[in-house]
Number of protein chains: 2
Amino acid sequence: MESQDLRKAGLKVTLPRLKVLEILEKTEQRHMSAEDVYKSLLEMGEEIGLATVYRVLTQFEDAGLVARLSIDGGHAVFELEDGIHHDHLLCVRCNRIEEFTDDVIEERQRAIAKQKGFQMTDHALYIYGICTECQ
Amino acid sequence: MESQDLRKAGLKVTLPRLKVLEILEKTEQRHMSAEDVYKSLLEMGEEIGLATVYRVLTQFEDAGLVARLSIDGGHAVFELEDGIHHDHLLCVRCNRIEEFTDDVIEERQRAIAKQKGFQMTDHALYIYGICTECQ
DNA sequence: CTATAAATGAGAAGGGTTTTCATTTAATAT
DNA sequence: ATATTAAATGAAAACCCTTCTCATTTATAG
């Protein structure tokens, strides 16, 4: 019951928000741009404006329900937040996105931030390459 | 003599290109946006169009003379390519950018790409935080 | 059930970047 | 040196993704 999540975040339970959540949960892409979400909504017959999709996704991000990936200066993609930090591998040919976690890298990052006197707030690691299918 | 570098890259030696190179070499910022470069040109009395600055920076990137950092969905910044791979720490308050290299992380990245069957072409690691000055 | 603050849709506006196209310039051949 | 030609430039328009504006609608608290 995700209405609870919305209320907890101080957000009214509205149809656009429920539908966006539903799409993020049902998609097998896992990583969707605002445009992707918007099109999926249209496909399921929901006439929700693109501006609303952007607003809702940003609110979800603030609420910790989704994570935003800012890929290489291009458009952002969103993924449902599962609480487990992970980084990304991106196929430069087909745009497939794969996830991974690596404790060694996480640890090194903390050490580097500390050494440089930075209070780390976040980090992002993208490995670009050509995936198995595309080679 | 950087005219050689331009010719080697198949680029004509023109005043805009020489001036942009000069600015990137002289700046103590090291990381400059296209707008930064454009403004520096104006300050030194060179009336070079912003579109040209973008074009030149992109050509320099293709030629391997500069590297482009795509920071968090915002604007791009450019740095003179020194051949030594490094990653970046970014202060979320003052936008200061610091560099670091870490062989352990480099090695782990290669291992992960291999394990996932990716032919790695590039990678980007950004650590966001609050720098010493801003804490 | 009413009041009210929040959410929505549509379109305009925004920021950074790229494109278009006419003009200028560097490099090449004469 | 000069003419030729392909490349580079400037200015403005176009672009893409995203955010804002504002009038209208809707969820929630009283």
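Glu61(B) lies in helix H4 (residues 50-62) of chain B; helices are DSSP runs of H or I with at least four residues, numbered from the N terminus. The model is predicted, so local features need pLDDT of at least 70 and side-chain atom pairs count only at pLDDT 80 or more, while totals for chains, interfaces and linings use all residues. Residues are numbered from 1 along each chain as its sequence is written, chains are lettered from A in the order in which they are written, and side-chain values use heavy atoms, with hydrogens and water left out.

**Surroundings of Glu61(B)**

- The relative accessible area of Glu61(B) is 29%, which means that the residue is partly exposed (buried is under 20%, exposed over 50%, and partly exposed in between, with a 1.4 Å probe and protein chains only).
- Apart from neighbours within four places in sequence, Glu61(B) is in contact with Val66(B) and Arg68(B), where contact means heavy atoms within 4.5 Å.
- Phe78(B) is 17 residues from Glu61(B) in sequence, and their C-alpha atoms are 8.6 Å apart in space.

**Helix packing in chain A**

- Helix H2 (residues 15-26) of chain A packs with helix H4 (residues 50-62) of chain A at an angle of about 70°, the axes being 10 Å apart; axes are lines fitted to C-alpha atoms, for helices over the stretch in contact, and angles run from 0 to 180 degrees between N-to-C directions.
- H2(A) is therefore roughly perpendicular to H4(A), a class covering 65 to 115 degrees.
- In this contact, H2(A) contributes Pro16(A), Arg17(A), Val20(A), Leu21(A) and Leu24(A), and H4(A) contributes Thr52(A), Val56(A), Leu57(A), Gln59(A) and Phe60(A).
- Seven of the residues in the contact of H2(A) with H4(A) are nonpolar, two polar and one charged (Ala, Val, Leu, Ile, Met, Phe, Trp, Tyr, Cys and Pro count as nonpolar, Asp, Glu, Lys and Arg as charged, and the others, Gly among them, as polar).
- H2(A) and helix H3 (residues 34-43) of chain A pack at about 105°, with axes 10 Å apart, so H2(A) is roughly perpendicular to H3(A).
- Lys19(A), Val20(A), Ile23(A) and Leu24(A) of H2(A) meet Val37(A), Ser40(A) and Leu41(A) of H3(A).

**Domains of chain A**

- Chain A is assigned domain 1 (3-80) and domain 2 (87-134), with bounds from an automatic or database domain assignment.
- The centres of domain 1 and domain 2 of chain A, taken over C-alpha atoms, are separated by 23 Å.
- About 570 Å² is buried between these two domains of chain A, with 58% given by carbon and sulfur atoms; buried area is the accessible area (1.4 Å probe) that two parts lose on being put together, summed over both.
- His31(A), Leu69(A) and Ile71(A) supply 62% of the area that domain 1 of chain A buries against domain 2 of chain A, more than any other three residues.

Key: Helices (H or I, at least four residues) and strands (E, at least two) are DSSP runs, numbered from the N terminus. Angles under 35 degrees count as roughly parallel, over 145 as roughly antiparallel, 65 to 115 as roughly perpendicular and the rest as oblique.
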